[in-house]
Amino acid sequence: MPSEEKPYRLYRGGRVKGKVPAHPPPAPKAKRGSGFSLRPSRRWLRWIPVVLVLFVVLVIVWALASYFQFRDGVSAAHKRLDRHVVEALDAQHGKATDILLLGTDHAQLAGREDANRSDSITLVRVDKSRHRIAYLSIPRDLRVDIPGHGSSKINAAMQLGGAALTAQTVKELTDLPVNHVVVVDFSQFETLIDKLGGIDLVVPERIVSKFDCPYPTEARCAAWEGWRFAKGKQHMDGHRALIYSRVRKNKLNPADTDFSRAEHDQQVLQAVAGKLTSFGTLVKLPFIGDDLLAPVATDLSTQDFLSLGWTKFRSGGGSTLHCRLGGESSGGDIVPTEENRAVIAMVTGDSAPQPPPPGSGAFGPGCVTGNGTLGVR
């Protein structure tokens, strides 16, 4: 047998039959870039700071564009306000700001083209120390003393002396200062709400109300039952929200009055304010910023609006206070009662909010907190 080929393997412990195994060849090394690796490539890691810087620059540019567009809208709103109004306003002292909100929507209604009465009067108190916003609704038929013109319905002050005289009348009625004024044309709210993508409102009751017939003939209007709103949360476009804000009579609830309309106005205004501060609106702000204040004439500055939006964001809906002045109905007027003084103390935070007393009816003064409505008591 040749010496180079042995039929056995030699170990210390003896011999074992078989061939001597050869060492296995080394595994080939993986080429760079081949296969899948969980470790990120260093080449991509170099781009992360660049992407972050570009994102920050984009946010800054977007914010500046939004600010300047909104500032242009505020500047246009200043020009629409009568210069005599600013002279009638009070300087702000302390953390609370009182804003007089006047709503009109009659300019396009037949027979009222020359009228200039305010359809909605609300004093908004923004209290930064309490992170709370209070809405004090003043019925337009409330009989008050208008400086220089004697006793009349408070909405006549707008006709007699514009927003300046209305502010002076409200100051004497409430003993509260008026630091700013906002005049809102509700007829233009339709376009604004559509640009915001509509608003969500909670309708407290079923409504059937017949006014402003949409049909061209008297026969169609006579057969038309009226505008209908179901109870509960609803998404409304600009036209539908405007109709809802105008509802003052309800076939399904004869107790609804001008107070109901004032509450509808407040709902629409608060929904619009909430939509204005939403993320979706902030994204579109560079394109619609100057249009947001088209229905408004005001002395509020851009910084005032930003501060107001921040306070609304901080306060939330749960702490919002809804109040109304009231009295007793007499020949189409509302004669104020002493309970109105207590309501003003609730607005300023000097007393706890109390709803209108039971039996006070549709004109009872009082306050509720949160998203509730005052309604009929």
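Biologist: Which residues make the nonpolar surface patch of about 550 Å²?

Modeller: First, the ground rules: this is a predicted model, where local features need pLDDT of at least 70, side-chain atom pairs count only at pLDDT 80 or more, and totals for chains, interfaces and linings use all residues. Residues are numbered from 1 along each chain as its sequence is written, and side-chain values use heavy atoms, with hydrogens and water left out. A patch takes residues with over 30% relative accessible area and no salt bridge, joining like charges within 9 Å and nonpolar side chains (Val, Leu, Ile, Met, Phe, Trp, Tyr) within 5 Å; a salt bridge is a Lys or Arg side-chain nitrogen within 4 Å of an Asp or Glu carboxyl oxygen, and areas are Shrake-Rupley with a 1.4 Å probe, only the protein chains shown counting as cover for residues. The patch you ask about is made by F55, V56, V59, I60, L64 and F68.

Biologist: Is I60 buried, partly exposed or exposed?

Modeller: Buried means under 20% relative accessible area, exposed over 50%, and partly exposed in between. I60 sits in helix α2, residues 48–79, with helices (H or I, at least four residues) and strands (E, at least two) taken as DSSP runs numbered from the N terminus. Its relative accessibility is 46%, so I60 counts as partly exposed.

Biologist: How far apart are the end C-alpha atoms of α2?

Modeller: The expected span is 1.5 Å times one less than the number of residues. For the 32 residues of α2 that should give 46 Å, which agrees with the distance between its end C-alpha atoms, 47 Å.

Biologist: What covers the buried residues of α2?

Modeller: Those buried residues are S66, F70, G73, V74 and A77. Contact here is heavy atoms within 4.5 Å. On that basis, the cover includes α9 (279–288), β13 (296–298) and α10 (302–315).

Biologist: Which residues is A297 in contact with, leaving aside neighbours within four places in sequence?

Modeller: A297 lies in strand β13 and is buried, with a relative accessible area of 9%. Beyond its sequence neighbours, A297 touches A77, R80, L81, V181, V182 and V183.

Biologist: Are the rings of Y215 and W224 stacked or edge-to-face?

Modeller: Rings of Phe, Tyr and Trp (its six-membered ring) pair if their centres lie within 6.5 Å; planes under 30 degrees apart are stacked, over 60 edge-to-face, the rest tilted. The structure holds five aromatic pairs. In this one, the ring centres are 6.3 Å apart and the planes of Y215 and W224 stand at 80°, so the pair is edge-to-face.

Biologist: Which residues do ring pairs link into a cluster with W224?

Modeller: W224 counts as buried at 12% relative accessibility, whereas Y215, at 32%, counts as partly exposed. Ring pairs join W224 into a cluster with Y215 and W227.

Biologist: What phi does D175 have?

Modeller: Most residues other than glycine have a negative phi. D175 is in the loop between α4 (156–174) and β8 (180–185), and at 58% relative accessibility it counts as exposed. It isn't a glycine, yet its phi is positive, at about 60°.

Terms used. Buried means under 20% relative accessible area, exposed over 50%, partly exposed in between (1.4 Å probe, protein chains only).
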